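This report describes a single protein model. The sequence and structure are shown first, and the description follows.

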Amino acid sequence: MWAVGNDTNILRIGAEGFVERVATAEGPIVEIINCGTHIVCATSHSVLFVDRQSGLVAKEVAFGSDTITTLASSNKGRVVYVGTLRSGLWAVDGESGKVEHFHRGSVPGRIRNLTVDSHGTVWITDTREGITRFAPEKKNYKHFRQQRNTVDYYSDTTSMVIEQADRVWIKMNHVGFGY
């Protein structure tokens with residue numbers, strides 16, 4: 001089991017409850033996820049790939065002054081999608097280290113949360129633009145806007161949960177719905 005301690009320490013917890021600090025990040029850890037052979041941690045400005053076996057940081061990808069808000073991994077565990085506050089959506093290949101930016105004209109900029117469904121589709125909530133479905137292999141986007149007389153996405157969309165029964169369920173402050 002992996003955990004975050006004191007905001008900056010990456011911890012490995014053994015079966016006996018033994019805690020081992022395996023790495024210390026430059027800043028507070030925003031999120032930690034499983035991704036293939038790595039545990040992936042995001043600080044506010046970089047993504048760390050920690051080898052699951054050795055506990056060593058295998059690679060680090062810096063995002064400059066942009067602020068990372070969330071992480072999600074593909075269903076195959078190789079690609080990590082990174083949501084940022086200013087420049088939108090990025091993909092980092094966990095094996096090769098290749099970084100790809102999905103430009104703002106097509107994808108939301110101020111990403112709040114991401115999830116990847118079992119088909120590899122990336123679902124994005126944004127602080128301003130609602131909900132976006134992105135098919136990475138086709139570079140195809142579909143934006144979902146609110147209907148009249150419903151709550152505003154930008155003020156009420158808070159997070160997403162895992163796909164269930166072939167639907168992605170989106171949690172909102174007042175209601176929830178699926179696509």
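Leaving aside its neighbours within four places in sequence, A62 is in contact (heavy atoms within 4.5 Å) with H45 and S46. A62 lies in strand β7, where strands (E, at least two residues) and helices (H or I, at least four) are DSSP runs, numbered from the N terminus. The model is predicted: local features need pLDDT of at least 70 and side-chain atom pairs count only at pLDDT 80 or more, whereas totals for chains, interfaces and linings use all residues. Residues are numbered from 1 along each chain as its sequence is written, and side-chain values use heavy atoms, with hydrogens and water left out.

A62 has a relative accessible area of 61% and is therefore exposed; the classes are buried under 20%, exposed over 50% and partly exposed in between, with a 1.4 Å probe and protein chains only. From A62 to L48, 14 residues away in sequence, the C-alpha distance is 8.8 Å.

## Overall composition

The protein contains one helix and 18 strands. Of its 179 residues, 46% are buried. Its accessible surface comes to about 9,500 Å², and carbon and sulfur atoms contribute 48% of that area. Accessible areas come from the Shrake-Rupley method with a 1.4 Å probe; for residues, only the protein chains shown count as cover.

Among contacts in the protein with a separation of 6 or more, 31% involve residues 24 or more positions apart.

## The four-stranded sheet

Strand β7 belongs to an open sheet of four strands in the order β4-β5-β6-β7, with antiparallel pairing. Two strands pair if DSSP finds at least two bridges between them. The edges are formed by β4 (29-35) and β7 (57-62), each of which pairs on one side only. From one strand to the next, the twist averages 15°; axes are lines fitted to C-alpha atoms, for helices over the stretch in contact, and angles run from 0 to 180 degrees between N-to-C directions.

Six bridges join β4 to strand β5 (residues 38-43) in the antiparallel sense. N34 stands opposite I39 in β5.

## The hairpin of β12 and β13

Strand β12 (residues 111-116) pairs with β13 in the antiparallel sense over five bridges. L114 has I124 in β13 as its bridge partner. Five residues lie between the strands of this hairpin, in which G120 takes a positive phi near 90°.

Strand β13 (residues 122-126) is mostly covered, with five of its five residues buried. Both of its faces are covered: V122, I124 and D126 are buried on one side, and W123 and T125 on the other.

## Aromatic rings and a charge over a ring

A pair of aromatic rings is described by the distance of the centres and the angle of the planes. The structure holds three aromatic pairs. The ring centres of F134 and Y141 are 4.3 Å apart and the planes meet at 20°, so this pair is stacked. Rings of Phe, Tyr and Trp (its six-membered ring) pair if their centres lie within 6.5 Å; planes under 30 degrees apart count as stacked, over 60 as edge-to-face and the rest as tilted. F134 and Y141 are both buried, and together with F102 they form one aromatic cluster.

The charged end of K59 sits over the ring of F49, 5.5 Å from its centre. This description applies if NZ of Lys or CZ of Arg is within 6 Å of the ring centre and within 35 degrees of the ring normal.

## R167 in its loop

R167 is found in the loop between β16 (157-160) and β17 (169-172). Its relative accessibility is 41%, so R167 counts as partly exposed. R167 and S118 are 49 residues apart along the chain, and their C-alpha atoms are separated by 9.7 Å.
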